[in-house]
Structures are given as C-alpha cells and as structure tokens.
Amino acid sequence: MIKANIVDIKQARIYPAAVHIGQGKIASIREISSAELADAWPGTTPPFLLPGFIDSHVHIESSMLVPSEFARLAVLHGTVGTVSDPHEIANVCGMQGVDYMIENGRTVPFKFYFGAPSCVPATVFETAGASLSAEEVEVLLQKKEIRYLSEMMNFPGVIHKDPEVMEKIAAAHRIGKPVDGHAPGLRGEALQQYVSAGISTDHECFTREEAEEKLALGMKILIREGSAARNFEALIDLLHDHADHMMFCSDDKHPDSLVEGHIDQLCARAVAKGIDLFKVLKAACINPVEHYKLGVGLLREGDPADCILVRDLTSFKVISTWIDGKLVAENGETKISREPVLPINHFHAEPKRISYFQVPYNGEATIPVIEALDGQLITNRIDMAPTVKDGMMVADQERDLLKIVVVNRYNHDKPAARGFIKNFGLKHGAIGSSVAHDSHNIVAVGTDDEAICMAVNAVIATQGGISCVVRFKDSSFHHNTLETHLLPLGIAGLMSADDGFNVAAKYTAMDHLAKSLGTNLSAPYMTLSFMALLVIPHLKLSDLGIFDGDRFTLVR
C-alpha cells in the first residue's frame with residue numbers, strides 16, 4: 001500500500017490517495033483525506049506519486065554501459081523505460097548486435113523498447129562493420145521487442161524516393177509501427193516531402209522556428225538534452241502550446257551524466273521556467289507511451305505498476321521507483337542486481353606507426369578545417385593556412401589547429417584519414433576513441449603524431465575504448481614523457497562489461513584528464529565521437545576522407 005499525493009496527469013489533478021499494488025499492477029486507487037495522508041508521513045511533507053519517466057530517444061550504447069547496467073543507474077532518477085535505438089551496435093555487429101541488446105535488456109526489471117535501425121551503414125562515405133538490408137529490417141520489425149523504425153537519417157533518400165529507403169518505411173507501416181525521423185535543418189518543400197512519407201518524429205531541431213514548422217506538419221518534436229547535443233533552451237517554450245506533441249529525450253548520455261540525473265532533471269528545469277506542471281509531465285511520462293504504444297503503466301487501475309514517488313514537484317527528487325510492481329530503487333540505492341555480461345565485438349585493427357599519421361605538404365595555400373562547436377553535433381568549415389614542418393603539415397597549438405585522424409577498425413590494411421580541427425584547444429597530448437558515430441572506427445585528436453599514434457594504439461590494444469595521452473616533463477626536467485590512460489570498452493568497442501557506477505567514475509577521471517590537456521569543451525569525448533558523423537553537417541572526417549556537405553574528398 002502506497003499513500004501519497006497522486007498526480008493525475010490526464011485530469012490535471014493532484015489528490016491524496018492510497019494505492020494498492022497486486023500482481024505487478026495497480027489493483028486500486030482510493031482517494032483518502034489529507035489527515036489520513038499526513039498520518040502516513042509523520043514529521044514530513046507527504047510525497048507525490050506519478051507515472052515513471054520515459055526517455056523517448058536514446059542510444060544506450062552512448063552511456064558506455066550495456067542495457068542491464070544502464071537500467072541500474074536510470075531507475076535512481078525515476079526512469080522506468082526507454083525508446084532505444086540500437087543503431088550504434090548495429091553498425092558494428094549488425095543483426096547480432098541488435099539481438100544482443102534485446103537479450104541483455106531482458107535480464108533486468110526495466111522496460112527497454114528497441115527500434116529497428118534504418119540506416120546501417122549510415123552513409124556510403126565511411127566503412128561500417130555491418131549492413132542491414134530492407135529484408136533484415138522487416139525481420140526486426142516483426143519482433144515484439146521492436147516497437148518502431150529507428151531514426152531515418154537518410155532524408156535525401158526519402159525525398160528522392162530511394163527504393164531501399166522507401167521499402168524500410170513501407171515495412172514499418174505494413175506492420176503498424178511508427179517511423180522516427182532525423183532531419184536537422186530540413187525546411188520547406190523538402191521537409192514536406194519527408195513528412196509525407198510517414199515520418200512521425202524529429203529530435204534534431206536546433207531552433208524554435210524549425211520545430212514550429214515540423215509541428216505544423218504533424219510531427220512530434222523531442223526536446224533533446226544529452227551529453228553532446230543540447231536543445232532544451234531553444235525549444236522548451238514550445239511546450240506551452242504544444243504539450244500533446246512533444247517529448248523529452250537524451251539521445252546520447254555519457255555515464256557520468258547518467259549518474260547525476262536523467263529525464264527528472266528536464267522536468268525540474270521546465271517547471272523552473274514556468275511551464276505548467278501537467279504539460280511537463282505529459283512530455284515526460286504520457287506522450288512517449290501513447291505514441292510508441294509502450295507497455296508502460298500510466299498510474300491507472302489495471303495498469304502495470306510503473307510509478308515513482310518524488311519528494312516534491314519542483315526538484316523531482318526520486319524516493320522510490322517501481323516497475324511492474326517491483327521496487328527497483330529506493331533512497332538513492334538501486335535494487336537491480338548485476339547480471340553476467342556476455343562478450344560481442346568486431347575489431348580487426350593492428351598497431352600503427354607514427355608515419356601512418358603524417359600529412360605531406362603539397363603547396364596548399366589553405367586547407368579545410370573542422371570547427372567543433374561545444375554542445376552541438378553540427379560543425380562549421382573554416383579555411384586556414386597550414387603549418388608546415390619538414391615537408392609535413394602539422395598541428396599548431398598556438399593557433400588551436402590540431403590534427404584529427406580516423407582509422408578503420410574493421411580492416412587493418414586501410415590508410416588513415418587525416419585532417420585538421422579547431423576549438424578542441426589541446427595544448428599537449430591526444431585523446432582517442434572507438435566510439436565514433438556512426439560507423440565507430442577509431443577517431444583521435446592531438447597536438448603531435450607521436451601522441452596521436454599512442455592514443456590510437458591504446459584503443460587497438462584493448463579492441464575498443466577511450467584513451468588519453470598526457471605529455472609532461474619527467475622529474476629530471478630533461479625531456480618530455482608521454483603517459484597513456486585508457487577506459488576499455490570491450491563490448492563492441494562501445495560499452496564496458498563493468499559495474500555502471502565504476503564505469504561512470506572511470507569516465508569522470510578520463511574526462512578530467514582530457515580537460516587537463518587544455519580543452520574547454522564541456523564533454524570532449526562526446527564531441528570527439530561526433531566529428532566523424534557525416535549525416536550531421538557541415539565538415540566531418542570519416543575513415544575514407546573529408547565530407548563537406550555534398551562534396552567528398554578521398555584519403556590521398
């Protein structure tokens with residue numbers, strides 16, 4: 001029996017009640033007097049009971065945790081379910097990777113709802129570890145665990161009616177499952193063509209005007225606030241007038257950030273901005289369940305008992321979380337036990353030499369340079385004069401002109417793609433990662449080829465991970481020394497098999513090390529991971545070369 005202030009989101013009503021849970025469901029809700037409620041909570045203000053939170057679009061792999069470990073952390077913040085796109089592991093391991101996520105998620109009391117990845121590989125301009133045909137996507141869509149067709153990033157393919165793209169969308173519609181969108185900056189007639197194909201959502205809006213245009217065409221808009229892309233401030237005021245058509249999501253959430261909070265934080269921020277409480281909770285609790293037809297309870301008699309007890313309706317500090325009537329978190333302690341984690345990977349890279357990363361100078365007056373933007377997936381292109389030393393173009397810390405490389409992890413014989421990047425701000429050393437959207441080759445940024453080589457080889461040695469190479473003077477001050485640090489990610493080169501809290505602590509240490517190199521980026525590893533994401537403009541680097549809008553330059 002739970003006695004609390006019931007938050008009835010549908011009726012926009014809060015009232016004292018006694019809730020009885022039986023056989024995993026809400027057996028009854030009985031309204032009680034304020035006095036009876038006060039007696040149940042002597043000496044403290046009675047808390048509030050509401051439906052659990054849903055992250056309406058997240059790549060679990062970006063947390064660097066397997067689903068079972070993600071769940072152990074998420075329930076602490078009142079999250080009871082996720083709409084999860086296994087796009088990342090699918091690009092590495094294909095169908096086997098999607099099945100892996102489903103099976104691992106089944107081992108814990110948490111409601112994972114996966115999508116069928118629509119774009120594997122995401123583009124022909126990079127090398128992925130797998131591909132999913134329209135026939136394979138349809139096989140996935142027929143699974144009960146697969147609730148939707150994941151974000152259709154290939155919006156040019158939709159607009160120009162590419163047969164393979166259209167067959168994937170048609171399969172979802174035949175089976176009666178929604179199609180998620182991904183169309184950053186798409187406007188006007190092109191947007192109308194995209195939406196008319198049956199695309200139902202978008203989480204890539206950067207401006208209010210873009211979101212309003214998509215809402216007017218009938219799309220649901222997801223307010224994204226993750227570890228890299230943050231659009232909450234730009235979009236949150238739309239909730240005043242569009243509460244029935246909006247949801248909250250994180251998209252990509254690193255483990256240190258997940259320890260701190262999840263959808264609960266977005267609710268607190270929205271209420272603090274004066275958004276009506278019930279509109280906020282529609283986006284956080286109701287709309288994802290109704291749009292994706294999730295088997296998550298909404299605190300009604302007969303529903304699964306998926307609910308949370310919060311201290312107040314301003315901070316949303318979670319006291320307890322129940323999923324199917326089972327207590328899974330209480331007073332900051334997860335009640336979900338650790339489960340064995342099976343291995344899976346696809347990694348064939350071999351150690352590299354320093355010369356592998358050198359860039360010969362051929363008389364270029366200027367070179368294209370990626371300009372990274374903190375808190376955004378998009379980049380800018382700028383043109384800068386190269387710095388040349390001994391016939392090679394090199395990084396120049398004085399101008400914040402650093403070298404970036406992408407190394408094919410699936411074929412050890414391929415050359416590295418090499419380019420230059422601004423706004424990482426490293427003063428020495430390098431950072432590397434096998435989390436490199438979307439194909440998850442190895443990406444590294446650094447101030448010199450030796451440090452870059454060490455960062456890449458550290459990742460290769462453990463067949464996945466994030467690395468940091470620190471350059472410092474030894475105790476004699478006679479010469480510089482390079483020291484390598486690593487967080488191994490042995491599950492597909494994306495996730496760790498370790499305890500989620502340990503991974504978060506280790507990631508925090510790696511983040512601090514990366515920042516000690518001089519960067520001012522709020523999440524340097526997350527930003528690094530998106531510098532090879534070709535489906536987000538403008539200038540990016542894949543393992544095959546430089547992609548600049550509609551122009552592609554192969555590795556020379």
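Predicted model: local features only at pLDDT ≥ 70, side-chain atom pairs only at ≥ 80, totals over all residues.
Residues are numbered from 1 along each chain as its sequence is written, and side-chain values use heavy atoms, with hydrogens and water left out.

**The cores**

Let's begin inside. A nonpolar core here is a set of buried Ala, Val, Leu, Ile, Met, Phe, Trp, Tyr and Cys residues joined through side-chain atoms within 4.5 Å. Buried means under 20% relative accessible area, exposed means over 50%, and partly exposed is in between (1.4 Å probe, protein chains only). The largest such core has 154 residues, and F53, F248, L281 and F424 have the most contacts inside it. Helix 13 (residues 277–292) gives this core its largest share, 10 residues. Helices (H or I, at least four residues) and strands (E, at least two) are DSSP runs, numbered from the N terminus. There's also a second, separate core of 19 residues, with Y356, V407, A451 and V469 among them.

Next, an open sheet: three strands in the order 10-11-12, with parallel pairing. Strand 10 (201–202) and strand 12 (246–249) each have a single partner strand, so one side of each is left without a neighbour in the sheet. Two strands count as paired if DSSP finds at least two bridges between them. Strand 11 (residues 220–224) and strand 12 run parallel and are joined by four bridges; I221 has M246 in strand 12 as its bridge partner.

Helix 12 (residues 263–272) packs on this sheet, touching strand 11 and strand 12, and its direction makes about 125° with that of strand 12. Contact means heavy atoms within 4.5 Å. Axes are lines fitted to C-alpha atoms, for helices over the stretch in contact, and angles run from 0 to 180 degrees between N-to-C directions.

Most residues other than glycine have a negative phi, and most peptide bonds are trans. Here are some spots that go the other way.

| Spot | Backbone value | Loop |
|---|---|---|
| V120 to P121 | cis, omega about 0° | P121: strand 7 (111–116) to helix 5 (134–141) |
| H437 to D438 | cis, omega near 0° | D438: strand 24 (430–433) to strand 25 (442–446) |

How accessible is A12? It counts as partly exposed, at 47% relative accessibility. N423 also counts as partly exposed, at 30%.
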